[in-house]
Amino acid sequence: MSKANPVRTTVYYSTPTESHPVLQSGKTIKSVSYQISTNCSRLQNKVSGKFKRGAQFLTELAPLCKIYCSDGEEYTVSSCVRGRLMEVNENILHEPSILQEKPSTEGYIAVVLPKFEESKSITEGLLTQQQYEEVLVKRIHAATATSRASRGITTTTAPTPPQPARSVC
Amino acid sequence: MFPLTEENKHVAQLLLSTGTCPRCIFRFCGVDFHAPYKLPYKELLNELQKFLEIEKDELVLEVPNPPPKKIRLQELEDGIDGIDNLSQNGEGRVSVIEDGSIASKSSNLNVCNVCLGILQEFCEKEFIKKVCQKVEASGFEFTNLVFSVSFPPQLSVREHAAWLLVKQEMGKQSLSLGRNDIVQLKEAYKWITHPLFSEELGVPIDGKSLFEVSVVFAHPETVEDCHFLRAICPDCFKPAKNKQSVFTRMAVMKALTKIKEEDFRKQFPCPPNSPKAVCTVLEIECAHGAVFVAGRYNKYSRNLPQTPWIIDGERKLESSVEELISDHLLAVFKAESFNFSSSGREDVDVRTLGNGRPFAIELVNPHRVHFTSQEIKELQQKINNSSNKIQVRDLQLVTREAIGHMKEGEEEKTKSYSALIWTNKVIQKKDIEFLNDIKDLKIDQKTPLRVLHRRPLAVRTRIIHSMETRYVDEHHFHLYLKTQAGTYIKEFVHGDFGRTKPNIGSLMNVTADILELDVESVDVDWPPALDD
């Protein structure tokens, strides 16, 4: 008989959340770089065809980009999601401020396509807005007890309006 | 009138004595008019014997393997001695009817060594009647038919062997019959059977008919007859993916053109030996070529997919546009299955208004194909009465070629839409007026995230030909757009994280989102509009 609709897999886009130091007031981003090591630039990522061959594979800790602030601080944003890198947002190279001004929309960093089998478990591992805020509250309490090294906190947001889920790693 | 002449005598004699049936003998003597082949088998045999002046006191007997022997009737009538002679030699049987007349076994000639029975019992009325019974039982409606028949590949080998034999014999007489003067088995078969089919079913045979009756013959006993060809010509028989046996008719015929006469004769008997049994009928099938129904559909539901939405065997949304239309057609045309295609498509939550979207449905193997335009109108009415989620217009039968017009529409023609837009910032009437003046706006759209999992990542340039706005309130307005085919409207409104540029949000310097979308028109002139 007739063909059924293809099965949906979710596509994730990465963007820093409001708790990230980069998004704290007062910080100015000098530049963003996708050169994460001597041999690897996320800009070199090229996918082709329906099956997106050639994509760089990302693990949770794989670095996506480096953010250089005017005060000398440097942050590395990690993927937080396992999957294949579809694209990085080149607009933040020319206009780094959109990272801070429109982090949930035009200021995204990357689009990651997880393996079909893993998409369900990844989505379940993400946090709702409410859960995210609870985690932050706990962190703030912990931070007041010990001093913390400023390590980049990155979040991953699934593009399902109106309740984006977040993971914190 | 008997078609053979004096100069055919030697060849005919040779072939008959080696176990070839009368009709095949005609073929190898170049008899190329239909009438002789249509005569009844028994009559042909008698005429042939008369022609060859086989003496009444001689009998031509056929035994399965050793070449036939002529036995003097006199010996038989001598009684026991004769019979003892017979049994001592262990040769064939003669049935002698009490009144002394000869019932020659040859009236039930054993299976022809060339056609394996195809031009014997399988072209006669009784068999054709059997086939026609099956055709009538199949329930197809037809006004003509095309008959296709498939013979086992080893027939080509036997034909080749018989030809070599005949060629040799003619060489002795320096006769000039060439390979092309030999009548093909399939041709003779059709000469005989076509009129029989027409008579039995009451319809003409037409090579262009969409209704096909196909008969497939096989001969398991001699399946290995072809195998020797593989050793001589191995690259004719490379295994192909979907074929069960590598010895197809085409491959065998190809090998026969390549093999040298001496090599062939070494491996295959000339004349071919007589088989024990006739061919078997592997299948008798009927099928009707696909018919096409086209129309335009409107979609009034915001909860209906175009094709069934099934994930992991579970249906996510009830029904679909294609099922609501096709299920009725499938039933009325009594078709096996269908293929639905349309000039583009819309999302589940998008309505299709205006003249509707052109579609075409291919009905596979329909059993009923003749409908008056009145009947089609009634069918359209039936579809429209059965659901308020979709409506159909201009329903009509079309040809396969016409489908091209529809697909042309998908890529080349413009479409119009209306959208209800929300803005985060407060807007006034004057804030949207400038959109009315924008003509032929070029936009670049990266593959939207919502389809990225099943489409290649690419940037598509599209044109927004014109826009018209209608203010609703401080956060809403209606937008009417006319765009190039293939434009993602939703992404043009909300910008898809900046991956569609420019977009309504960037043009207005707001955050915009789309609440509702309707297709207002699909600007394709096909199928032709019908007056209702």
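Q: Into which domains is chain B divided, and where do their bounds come from?
A: Chain B is divided into domain 1 (6-54 + 110-225 + 268-287), domain 2 (291-411) and domain 3 (414-522). The bounds come from an automatic or database domain assignment. The model is predicted, so local features need pLDDT of at least 70 and side-chain atom pairs count only at pLDDT 80 or more, while totals for chains, interfaces and linings use all residues. Residues are numbered from 1 along each chain as its sequence is written, chains are lettered from A and ligands numbered from 1 in the order in which they are written, and side-chain values use heavy atoms, with hydrogens and water left out.

Q: What makes up the contact between domain 2 and domain 3 of chain B?
A: The C-alpha centres of the two domains, domain 2 and domain 3 of chain B, lie 29 Å apart. Domain 2 of chain B gives 19 residues to the contact and domain 3 of chain B gives 12 residues, where contact means heavy atoms within 4.5 Å.

Q: How much area do domain 2 and domain 3 of chain B bury between them?
A: The buried area is about 1,100 Å², with 38% of it on carbon and sulfur atoms; this is the accessible area (1.4 Å probe) that two parts lose on being put together, summed over both. On the side of domain 2 of chain B, the residues that lose the most area to domain 3 of chain B are B:R302, B:V350 and B:L353, together 33% of what that side buries.

Q: Why are α13(B) and α14(B) called oblique to each other?
A: Helix α13 (residues 321-333) and helix α14 (residues 373-386) of chain B pack at an angle of about 140°, their axes being 10 Å apart. Angles under 35 degrees count as roughly parallel, over 145 as roughly antiparallel, 65 to 115 as roughly perpendicular and the rest as oblique. The pair α13(B) and α14(B) is therefore oblique. The crossing of α13(B) and α14(B) is right-handed, a term for a near helix turned clockwise from the far one by less than a right angle.

Q: Which residues form the contact of α13(B) with α14(B), and how do they divide by class?
A: From α13(B) come B:L324, B:I325, B:H328, B:L329, B:V332 and B:F333, which meet B:L379, B:K382, B:I383 and B:S386 of α14(B). These residues divide into 7 nonpolar, 2 polar and 1 charged. Ala, Val, Leu, Ile, Met, Phe, Trp, Tyr, Cys and Pro count as nonpolar, Asp, Glu, Lys and Arg as charged, and the others, Gly among them, as polar.

Q: What makes α7(B) oblique to α9(B)?
A: Helix α7 (residues 125-137) and helix α9 (residues 185-201) of chain B pack at an angle of about 50°, with axes 10 Å apart. That angle makes α7(B) oblique to α9(B). The crossing of α7(B) past α9(B) is right-handed. Residues in the contact include B:F127 and B:I128 of α7(B) and B:Y189 and B:L196 of α9(B). By class, the residues of this contact are 9 nonpolar, 1 polar and 5 charged.

Q: What is the phi of A:C80, and where does A:C80 lie?
A: A:C80 is not a glycine, yet its phi is positive, about 70°. A:C80 lies in the loop between β5 (74-78) and β6 (83-88) of chain A.

Definitions and conventions. Axes fitted to C-alpha atoms, helices over the stretch in contact; angles between N-to-C directions. Helix = DSSP H or I, 4+ residues; strand = E, 2+ residues; numbered from the N terminus.
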